[in-house]
Amino acid sequence: MGCPSMTQSQIDYSDVQGLVRFGYKRMTEASYVLLRIRDVGAARSWLGAAPVTTAVAVDPPPATAMQVAFTAAGLKALGVADAVLSDFSSEFLAGMTEDSRSRRLGDEGNSAPSQWAWGNSGSVPHLVVMFFAEPGRLETFVATSTGKAWNDAFDVLRSLDTGDLGGFEPFGFTDGISQPQLDWEQQRDVAGGQIYYTNVAALGEFLLGYRNEYDKYTDRPLIDANARSAGLLPAEDAPEKKDVGRNGTYLVMRDLRQDVRSFWQFISRKARGDSAEIDKLAASLVGRTRTGDPLVPIQKEEIPGIGPQPDQIRQNQFTFDQDPTGAGCPFGAHIRRANPRNADYPGHPTGLARLLAMAGFGPRGFRDDLMSSVRFHRILRRGREYGPGLSPSDALLPAPPADPERGLRFVCLNANISRQFEFLQNAWVMNTKFSGLTGENDPLLGNRETTSGRPGADNFTQQKDDGLGCHVSGLPQFVTVRGGAYFFLPSLRALRYFTS
């Protein structure tokens, strides 16, 4: 990482792909097309003319959108020089299926890359083209965007369809609730420690070329200025260089198959069919009710980056400080693992206690081991569900022949794959030692199988105020990975540079 510059440039939204700024919620139809480059010249020509949607806000908003991202193999196939490629992150270059990475991510057993439908050896895409559209417009949009030039340039590896469950994910819980707010104006002061949780994140956490939460610039390809690179922006931290990464980011894509019937049938058995107990146990696993309300009280104090809408406040204006024993929201619940909502200094010390904490002294709680400050590990989720909806009551019925798959096309954006997505997945979701717990991992996403010398983790603990807990055992594998890859989502300038 380099040293930050003394000045900051105003963001050029026309150079940023719109997915970073917008979730395209009004565009409820989407398709992610995984491609291999057939003809380099034709691919450059199509990509150079592709109507990639930018982050510029327009009124009325567009009815369709297109985004493009590349794997490391795709950039190489496109002809990007090795000297440029080598300066991308090592995680991006190695890919998601490198053996040790698979173990850390929990991609073993039935979720091992050898079992994937795409993304493993022989089926790694070169790029993904993401199509979004308002209802009834997707088919025409895809047809008019592809055609002969597309067919000359690419081979379609797989088209990933998506669904619209009206704001709910396949298990039946309200989705897309908690997202970090990007500091587009670059006003956030990241110097020193953060005593209280905030939902505002430094721009450099999600866009390369800007200061991150460490007040540094994440490493990315910086190249000499010449005629070919003239269209690229200069690097803020090295103005004599052109910044290939600036206004781009890394896109993580994972196909997650959700066994909705197994989820609700297991909960029904444990709750002995009692509807109230079914809802209670399901909410405990997630950490929220099905309507999205957290299992801890909403605090009166405002949290930066939350609100101002009543639903946003009701569902997100909270931390876990008001539930220190986990009696409200269990320590191992999905939302605790995905976002522990803590700050740099547990307990919010002040005065001398704060100075001691900043110096690395003072007592630490038994749950602080892996609960590192969340501001260094946020991700921006942009995924879509797939498959038909299935209500909890219908999920209790036997599966019909050819029961369709259901799941999530998980997509997230982050500037540092290792520190953000991989840390969250390894240290919080898959780790069996979390927040003082042992023998448990994420009750929704966790891998239950005993692999690589790691014991299975099929338990879940519901804490109580008296310090005792109710243990739920025998959790099935609710989510299985069916494919995945790391992509680079370039700026519009970088896309033109790659295709020139």
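**Salt bridges**

Searching the whole structure gives 28 salt bridges. A salt bridge here is a side-chain nitrogen of Lys or Arg within 4 Å of a carboxyl oxygen of Asp or Glu. Side chains of opposite charge can pair when their charged atoms come close. This is a predicted model: local features need pLDDT of at least 70, side-chain atom pairs count only at pLDDT 80 or more, and totals for chains, interfaces and linings use all residues. Residues are numbered from 1 along each chain as its sequence is written, and side-chain values use heavy atoms, with hydrogens and water left out.

Select arginine 26 and glutamate 134. Their side chains form a salt bridge, 2.8 Å from N to O. Arginine 26 sits in the segment before strand E1 (29-37), and glutamate 134 in the loop between strand E3 (127-133) and helix H6 (138-145), so the pair ties together parts that are 108 residues apart in sequence. Helices (H or I, at least four residues) and strands (E, at least two) are DSSP runs, numbered from the N terminus. Glutamate 134 counts as buried, at 15% relative accessibility. Buried means under 20% relative accessible area, exposed over 50%, and partly exposed in between (1.4 Å probe, protein chains only).

Next, pick helix H7 (residues 147-153). Aspartate 152 and lysine 148 form a salt bridge there, with their closest N and O atoms 2.8 Å apart. The two are four residues apart in H7, so about one helical turn separates them. Which of them is exposed, and which partly exposed? Lysine 148 is exposed at 62% relative accessibility. Aspartate 152 is partly exposed at 34%.

Move to aspartate 403 and arginine 406. The closest N and O atoms of this salt bridge are 3.4 Å apart. Aspartate 403 is partly exposed, at 27% relative accessibility. Arginine 406 is buried, at 7%. Now select Arg188, Glu213, Asp344 and Arg375: salt bridges that share partners join these four into one network.

Most residues other than glycine have a negative phi, and most peptide bonds are trans. Four places to check follow.

- Aspartate 59 to proline 60: this peptide bond is cis, with omega near 0°. Proline 60 is in the loop between helix H1 (40-49) and strand E2 (64-70).
- Glycine 307 to proline 308: this bond is also cis, with omega near 15°. Proline 308 is in the loop between helix H9 (275-286) and helix H10 (310-316).
- Tyrosine 24: its phi is positive, about 55°, although it is not a glycine. Tyrosine 24 lies in the segment before E1 and is buried, at 7% relative accessibility.
- Alanine 402: phi is near 55°, a positive value in a residue other than glycine. Alanine 402 lies in the loop between helix H13 (392-395) and strand E13 (407-414). At 79% relative accessibility, alanine 402 is exposed.

**A helix pair**

Show helix H8 (residues 260-270) together with H9. They pack at an angle of about 120°, with axes 9 Å apart. Axes are lines fitted to C-alpha atoms, for helices over the stretch in contact, and angles run from 0 to 180 degrees between N-to-C directions. That angle makes H8 oblique to H9. Angles under 35 degrees count as roughly parallel, over 145 as roughly antiparallel, 65 to 115 as roughly perpendicular, and the rest as oblique.

Which residues make the contact? From H8 come Phe263, Trp264, Ile267, Ser268 and Lys270; from H9 come Ile278, Leu281, Ala282 and Leu285. Contact means heavy atoms within 4.5 Å.

**A buried tyrosine**

Select tyrosine 345, in the loop between helix H11 (334-338) and helix H12 (351-358). Tyrosine 345 is buried, with a relative accessible area of 12%.

**Confidence**

Finish by colouring by pLDDT, the predictor's confidence in each residue, from 0 to 100. The protein averages 92, and 92% of the residues score at least 70. Over residues 1-6 the pLDDT is below 50, and this stretch has 17 contacts in the model beyond near neighbours in sequence. Residues 363-370 also stay under 50, with twelve contacts beyond four places in sequence. Where pLDDT is low, the predicted coordinates should not be read in detail.
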